[in-house]
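Keep the structure open while reading.

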Amino acid sequence: MGIFSLSSCEGCLVQLLNMEELLEVLNNVDLVDCRLLGVKKNYEKLNIAIVEGAVMSDEEERELKEIRERADILIALGDCACNGSKFLVKDFNINEIKLNLSRRLNVFKSHPLDKFVKVDYYIYGCPIDQEDALTAFKDILMGKEYRPVSYNVCAECILKENACLLDKGIQCLGPITRGGCRATCPSAGRECIGCRGLAEDSNIDSLIEIYKRKGIEVPNYLRDLRGMK
Amino acid sequence: MSREVVAENISRIEGLLNFTMIIKDHEVIDARAEALEGVRLLERLLVGKKYHEIPEIASRMCGVCQAIHKVTAVQAVENAFNIELPEEINMLRKLIVIGGHLQSHLLHLYMFVLPDFLGYHSILEMLPSHAELIRKVMYLRKLANVITELIGGRAVHPVTPIVGGLSKLPSENALRRALDYAKEFKNTIYTVLEDILSIDMPSFERRTNYVSLKGEHEFPLLGGNVSINSEVIFKPAEYEDYIKFVTVEYSTARHYVLKKIGREYMVGALARVNNNFKLLSDTTKELIKTYSLQFPSYRPFDNNKAQALELLHFVEEAIYILERLKGNIPRKRKASFKVNEGKGISITEAPRGLLIHHYEINNQGLVEKANIITPTAQNYKCMEADVKDYITRLIQTSDKKWDIKFEAEKLIRAYDPCVSCSARFLRQH
């Protein structure tokens with residue numbers, strides 16, 4: 001197994017390092033490449049490559065393609081890798097920003113891995129959820145197909161018996177956002193910020209309707225998001 | 001003839017960094033810290049965003065010290081709106097941040113630094129021979145994370161700090177558990193501090209300028225004035241008169257110098273302890289005696305030891321706060337405030353040193369300008385000067401064939417650089 005970081009805050013990797021089960025997982029794999037931990041062995045092929053971070057430069061694009069060449073299974077870790085950090089930042093209609101600062105810095109872009117290579121598994125979130133990631137690793141190590149949950153955050157929020165934030169006039173993205181985070185943010189009394197991307201069958205128009213009905217400001221990015229679906 | 005030595009993709013630090021040394025006639029004539037990371041234009045991305053989105057996006061500057069980034073961003077917005085908070089809310093936020101500092105210091109000292117001095121390439125290589133120590137370190141990291149999680153809602157990128165206060169107050173039960181975890185942390189950290197404090201680190205000394213917050217009655221963390229060598233003291237709002245950024249051709253990260261003298265400076269645990277060692281807890285002061293450490297210290301490798309001391313000091317502070325909060329949880333979790341046009345600045349102490357967040361917000365509550373100055377960006381110039389001096393001395397004073405690259409890496413790692421958070425470039429006007 002190899003763990004690689006492209007442009008990111010490396011918070012998802014820190015989430016992995018924070019897992020108590022990490023030592024156990026590492027006992028079951030041969031970690032051959034991980035810069036953060038200082039591991040760099042000689043190897044040709046990888047069974048599993050975990051990649052966190054977005055692709056922001058041509059070098060990173062080349063590096064990613066090399067990793068894909070070597071790896072049987074490629075896992076995208078976190079919102080940067082899965083969606084180019086779009087669900088955290090919410091600039092859905094911006095693909096590139098032109099800069100004219102220096103030779104090295106003329107264009108700013110942030111792309112998900114699957115713009116360039118085939119991704120086998122997606123572990124969503126900013127940051128990833130530890131339990132969700134552990135399920136993914138167990139499934140993948142056992143040769144099972146890992147499937148991220150398809151329902152929305154509300155499904156998990158209701159199970160926690162939280163009072164609905166929309167009723168309090170709070171701009172919560174729970175209804176359209178993919179669950180699997182155990183409704184971490186609403187359970188701490190604050191809005192879901194949508195970091196895990198869209199749930200399957202999410203209905204953005206309906207959320208805009210709810211916002212309007214409850215007198216909640218409709219953020220512009222929701223309309224951009226509608227175009228993305 | 002000069003030759004170039006490049007330490008490429010330095011491992012066991014956060015983010016990507018190359019370090020180049022130009023050596024001529026037994027002297028390092030140039031040293032350059034080159035951050036390689038794809039530029040994270042977080043400041044640019046913040047422009048046009050609503051004020052409440054700032055802490056969410058700004059905290060993604062760094063995955064290791066996200067807790068302090070979030071709280072600093074929140075405080076900066078509160079400064080723009082002139083929001084004053086009850087002391088108890090600040091204490092709760094301090095607990096969230098202390099959990100973050102503890103896990104960050106543990107990661108750096110035991111997983112990144114220790115292998116250097118024990119002759120291993122990584123912590124994984126240490127597993128067979130140091131299983132007990134590593135298990136303890138993982139356990140300590142868990143305890144630190146739980147403290148942040150109990151009050152912040154999540155260990156990495158905590159969610160409760162919001163503009164005006166906290167989105168949720170912890171229950172009495174959560175505080176009691178946090179206190180148990182903090183005490184357990186204190187007992188356990190005592191058994192592993194020796195592994196760091198007793199290391200014979202290079203005695204290389206080079207006096208520079210040490211910049212940190214200056215505490216009045218307590219060791220500083222989330223506020224106060226800024227001090228240069230305990231001599232010059234300035235208010236957060238005046239930072240632009242004292243700190244100046246310089247762009248360098250070879251790096252995508254900004255570098256910083258002290259404006260008045262045009263010289264490099266150091267931020268971080270060593271600067272903090274140098275400027276505030278009288279305010280450390282009594283047990284921490286005893287440790288200083290036990291291991292014959294001296295502060296102020298001009299040895300950059302002592303940044304590691306200062307971090308180790310802080311592991312004890314900060315957990316004691318957490319215990320102190322938790323005991324004071326017993327039965328004193330504030331009733332109101334959020335202050336009411338009005339959105340207004342304003343400039344907000346917050347300067348705090350991140351695990352790696354002085355952290356500055358500065359936002360200009362319009363009357364719609366939208367960001368017009370953002371300026372974030374991270375500790376690592378401030379340290380680059382100092383790192384370069386230190387490496388130049390240290391390696392030159394090694395080459396000149398010893399017959400031993402030094403592994404120059406490794407020695408330079410060791411020194412750079414002592415600074416605990418965090419490159420992903422320093423590698424931003426664009427300033428939006």
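**Helix 9 against helix 10, chain B**

In helix 9 of chain B, B:Thr283, B:Thr284, B:Leu287 and B:Ile288 meet B:Leu309, B:Leu312, B:His313 and B:Glu316 of helix 10 of chain B. The model is predicted.

- The residues of this contact between helix 9 and helix 10 of chain B divide into four nonpolar, three polar and one charged.
- Helix 9 of chain B covers residues 282–290, and its axis is 9 Å from that of helix 10 of chain B, at an angle of about 165°.
- Because an angle over 145 degrees counts as roughly antiparallel, helix 9 of chain B is roughly antiparallel to helix 10 of chain B.
- Helix 9 of chain B and helix 10 of chain B cross in a right-handed way.

**Helix 7 against helix 10, chain B**

- Helix 7 (residues 172–197) of chain B packs with helix 10 (residues 302–325) of chain B at an angle of about 160°, and the axes are 9 Å apart.
- This angle makes helix 7 of chain B roughly antiparallel to helix 10 of chain B.
- The crossing of helix 7 of chain B with helix 10 of chain B is left-handed.
- On the side of helix 7 of chain B, the residues in contact include B:Leu175, B:Leu179, B:Ala182, B:Phe185 and B:Ile189.
- On the side of helix 10 of chain B, they include B:Ala308, B:Leu311, B:Val315, B:Ile319 and B:Leu322.
- Sorted by class, this contact of helix 7 with helix 10 of chain B holds 17 nonpolar, one polar and five charged residues.

**One residue of helix 7: B:Ala182**

- B:Ala182 is part of helix 7 of chain B.
- Is B:Ala182 buried or exposed? B:Ala182 has 27 other C-beta atoms within 10 Å, so B:Ala182 is buried; the cut-off for a buried residue is 20 or more.
- Leaving out residues up to four places away in sequence, B:Ala182 touches B:Ile147, B:Val315, B:Ala318, B:Ile319 and B:Leu322.
- B:Tyr139 is 43 residues from B:Ala182 along the chain, and their C-alpha atoms are separated by 12 Å.

**Two enclosed helices of chain B**

- Helix 8 (residues 269–276) of chain B has eight of its eight residues buried, so helix 8 is largely enclosed by the rest of the structure.
- Among the buried residues of helix 8 of chain B are B:Ala269, B:Leu270, B:Arg272 and B:Asn276.
- The cover over the buried residues of helix 8 of chain B includes helix 10, strand 6 (209–214), strand 12 (342–350) and strand 13 (353–361) of chain B.
- In helix 3 of chain B, 15 of the 15 residues are buried, so helix 3 is also largely enclosed by the rest of the structure.
- Helix 3 (residues 66–80) of chain B should span 21 Å at 1.5 Å a residue, and its end C-alpha atoms are 21 Å apart, which agrees.

**Chain A with chain B**

- How many residues of chain A are in contact with chain B? In chain A there are 39, and they are in contact with 43 residues of chain B.
- Helix 1 (11–18), helix 5 (86–89) and helix 8 (184–187) of chain A are the elements that give two or more residues to the side of chain A that touches chain B.
- Helix 1 of chain A gives the most to that side, with six residues.
- The side of chain A that touches chain B divides into 23 nonpolar, nine polar and seven charged residues.

Methods. Residues are numbered from 1 along each chain as its sequence is written. Chains are lettered from A and ligands numbered from 1 in the order in which they are written. This is a predicted model: local features need pLDDT of at least 70, side-chain atom pairs count only at pLDDT 80 or more; totals for chains, interfaces and linings use all residues. Axes are lines fitted to C-alpha atoms, for helices over the stretch in contact, and angles run from 0 to 180 degrees between N-to-C directions. Helices (H or I, at least four residues) and strands (E, at least two) are DSSP runs, numbered from the N terminus. Angles under 35 degrees count as roughly parallel, over 145 as roughly antiparallel, 65 to 115 as roughly perpendicular and the rest as oblique. A crossing is left-handed if the near helix is turned anticlockwise from the far one by less than a right angle, and right-handed if clockwise. Two residues are in contact if their C-beta atoms, placed from the backbone, lie within 7 Å. Ala, Val, Leu, Ile, Met, Phe, Trp, Tyr, Cys and Pro count as nonpolar, Asp, Glu, Lys and Arg as charged, and the others, Gly among them, as polar. The expected span of a helix is 1.5 Å times one less than its number of residues. A residue is buried if 20 or more other C-beta atoms lie within 10 Å of its own, exposed if 12 or fewer, and partly exposed in between; C-beta atoms are placed from the backbone.
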